[in-house]
Every structure is written in structure tokens, then in C-alpha cells.
Amino acid sequence: MASFHVMAGPDATVARPAIRRIGLSDVRDALARGVEDFRAKPSHYVFLSLIYPICGVVLVTWSSGADMLPLIFPLVAGFALLGPFFALGLYEISRRRERGMDASWRHALAVRHSPALPSILAVGAMLMVLFVAWLVFAQMLYTSIFGPEPPQSLALFLASVFGSENGLLLMLAGNAIGFCFALVVLATTVIAFPLLLDRDVGAVAAIETSLRATLVNPVPIACWGLIVAALLVVGTIPLFVGLAVIMPILGHATWHLYRKIVVDERV
């Protein structure tokens, strides 16, 4: 049963798992292992991951009104900030496969019984705060450039964004701000959720371990972030359908990246 110990593990101490240095070959191998996990039972994983394209379509539909048009791209791009949390079930499936256990899709829901659930929810809440902050910054940026009046139509909105100097400024500044948010999420959660599923170390230790992993392996982690970003862009075409394949592969690969970076001191 999950107990409420977010700041530290169940023994009230803050763990500091040992970190390995990895290379780009390890990143490639983690991605290949993610593909292997996906190919094991792809129908199960596609079914599980339909939530990603569905959520993407819902976000675009919800924001398609004139008042919300400026938030379409921030919503779609910012949705990726929540990806590490929504991939929890995929980490669990890879964990079970690694241990030779039954890894059918229903076990993705077993994370609700994890003893680290409070810590997992705490880190997930941090991601939600970052997501909301990103939307607020995006709206403030649009207002500062185009003024408080909402666009009159989708056609006029697209024309103003892609056909004016202000639109170019919006895209450059918006992508710069989005990059900063993505960098924070990558550094703080690249292995935090797999670590919490594997060991109940507490939210603080999980985030701190992710930060140390990023500092120790800046180039491989940066390349991993670029791979994730590129595949997510591909997955959104068309209508987010590709995310049903891309997300499970990335989720499984993240588990294997965690196993390469964090030393298993229990062996």
C-alpha cells in the first residue's frame, strides 16, 4: 500500500542512487529496446496509447474558438510536458518484461498500487504546474505582441502569425520560451518516474537523481531530448495518430535509458 512519504523514502532518508556515464550508443540501444518492447505486443500498446492522439484532438477542438486560437500551438506543444507522467504504464510494462513477468496491457494500470504513488503524483503535479505556467507565458507573449483582442477567425490568425514580422517574433520568442520549459522538464524527470516505479526513493530524490544524470551525461541526455522532440513532431502528423505508436516506443525506451543510467545497487 502506498504511504505518504514524498520528500524521502519509507525509511525517512533521502537516497542518492549512483549514476553511470553513458554514451550515444547507449541512447541508441535504449531506443532499440523500446522498439523491441513495442513489437512484443503492439496491439496492446496501441490500444493503451490511443489516449495521446485522442487528447491531442480534444485539445485542438477545444481551443479552436476564436478566443482560444492563440493557445492551439502552446496546448499541443505543452502537452508533451506531461508525457513523462502519462507514460507511467509503459514504464511498468517494460519493467515487468525485464523481470520475465506477465506484461499484458492491463498491468499498465498496476502503477496505482505502487508504494511510491504519492511521490509519483507529487512529481506529476510539478509537471502540471509547469504546463499551466507555459500556457500563461504563451498567452502573455501573444498579448504583448498582438494586443488583447482575440483573432477574428482562424484564417486571419494564421495570416498574422505566418505573414507578418510580429508573427515571426512570436514564433521565435515562443519557441525560445518553450525550449526553456522543455529543458526543465527533461532535466528533472528524464528518469524520475522510472526510478520511482523501481524504487520508492521519494519525489525529491527522484528529481535530484534526474538532475545529476543530466549533469553527468549532458550530451546523451540532450540527444535523447532531441530524439523525443523530433519523434513527437512526427507523431502529430496527421491528427496525432502517430502518437499511438511513438509514445509507447518512447515510454519503453525511457525505462531502458533509466536502467543504463542508474546503478542497481540491490544486485
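Is Phe193 buried or exposed, and what is its relative accessible area?

## Aromatic pairs

Phe193 is buried, with a relative accessible area of 0%, where buried means under 20%, exposed over 50% and partly exposed in between, for a 1.4 Å probe and protein chains only. This is a predicted model, in which local features need pLDDT of at least 70 and side-chain atom pairs count only at pLDDT 80 or more, while totals for chains, interfaces and linings use all residues. Residues are numbered from 1 along each chain as its sequence is written, and side-chain values use heavy atoms, with hydrogens and water left out.

Across the whole structure, a search finds seven aromatic pairs (rings of Phe, Tyr and Trp, the last by its six-membered ring, with centres within 6.5 Å; planes under 30 degrees apart are stacked, over 60 edge-to-face, the rest tilted). One of them joins Phe85 and Phe193, whose ring centres are 5.9 Å apart with planes at 65°, so the pair is edge-to-face. Phe85 belongs to helix 5 (residues 83-86) and Phe193 to helix 10 (residues 192-198), 108 residues apart; helices are DSSP runs of H or I with at least four residues, numbered from the N terminus. Phe85 is partly exposed at 24%, and ring pairs link Phe85, Phe86 and Phe193 into a cluster.

## Helix 7 and helix 9

The rings of Phe137 and Phe181 have centres 5.7 Å apart and planes at 65°, so this pair is also edge-to-face. Phe137 lies in helix 7 and Phe181 in helix 9 (residues 165-189), so the contact ties together parts 44 residues apart in sequence. Phe137 is partly exposed at 42%, whereas Phe181 is buried at 12%.

Definitions and conventions:
Helices (H or I, at least four residues) and strands (E, at least two) are DSSP runs, numbered from the N terminus.
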